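Please look through the structure shown here, and follow the paragraphs below as they go from one part to the next.

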Amino acid sequence: RINDKLKLAYPGLSRGVIKKEGPNVNGVYNQDISPNSILIEVGGYENKIDEVYNTINVLGEIIGEIINEKI
């Protein structure tokens, strides 16, 4: 749902949901400890810190909208 809302509100911001698969990769990470957790990676080596902060602000808005929908 987060990715879908990001794509609508900010086209091109998200690279989508990428599942880790392949030889010697089980796709199990810390977020698998709880059924209500997710792993979100923001930015990369090519991004400036202000770009990462801007993305975090947008991501916070979208997550807030989703949380408020359930209340």
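In this predicted model, the side chains of E69 and R1 come together in a salt bridge, with a distance of 2.4 Å from N to O. This pair joins distant parts of the chain, since E69 belongs to helix α2 whereas R1 sits in the segment before α1, and the two residues are 68 residues apart. E69 also meets K5 in a salt bridge, at 3.1 Å from N to O, and because E69 lies in helix α2 and K5 in helix α1, this pair ties together parts that are 64 residues apart in sequence.

Elsewhere, the side chains of R15 and E46 form a salt bridge of 3.3 Å, N to O. Both R15 and E46 lie in the loop between α1 and α2, so the pair ties together parts that are 31 residues apart in sequence. R15 is exposed, with a relative accessible area of 72%, while E46, at 44%, is partly exposed. Salt bridges that share partners join R1, K5, E65 and E69 into one network, and the count of salt bridges comes to four.

In soluble globular proteins, nonpolar side chains tend to be buried together.

Helix α1 covers residues 2–9 and includes N3, a residue that is buried because its relative accessible area of 16% falls under the cut-off of 20%. Beyond its neighbours within four places in sequence, N3 is in contact with S14, G16 and V17.

The largest pocket has a volume of about 1200 Å³, and of the 33 residues that line this pocket, G16, I18, L39, I40 and E41 are the closest to its centre. Its lining comprises 13 nonpolar, 11 polar and nine charged residues, and α2 gives the most to that lining, with four residues. The second largest pocket holds about 180 Å³ of space and is lined by I2, P35, N36, S37, I38, I63, I66 and I67. In this lining six residues are nonpolar, two are polar and none is charged, and the largest share, three residues, comes from α2.

Definitions and conventions
Residues numbered from 1 in each chain as written. Predicted model: local features only at pLDDT ≥ 70, side-chain atom pairs only at ≥ 80, totals over all residues. Heavy atoms only, no water. Buried < 20%, exposed > 50% of the residue type's maximum accessible area, 1.4 Å probe, protein only. Contact = heavy atoms within 4.5 Å. 1 Å grid on protein atoms, 1.4 Å probe; cavity = no way out; pocket = protein on both sides within 12 Å on 5 of 7 lines; lining within 4 Å. Points joined across faces, edges and corners; volume = space filled by probe spheres on them. Nonpolar A, V, L, I, M, F, W, Y, C, P; charged D, E, K, R; others polar.
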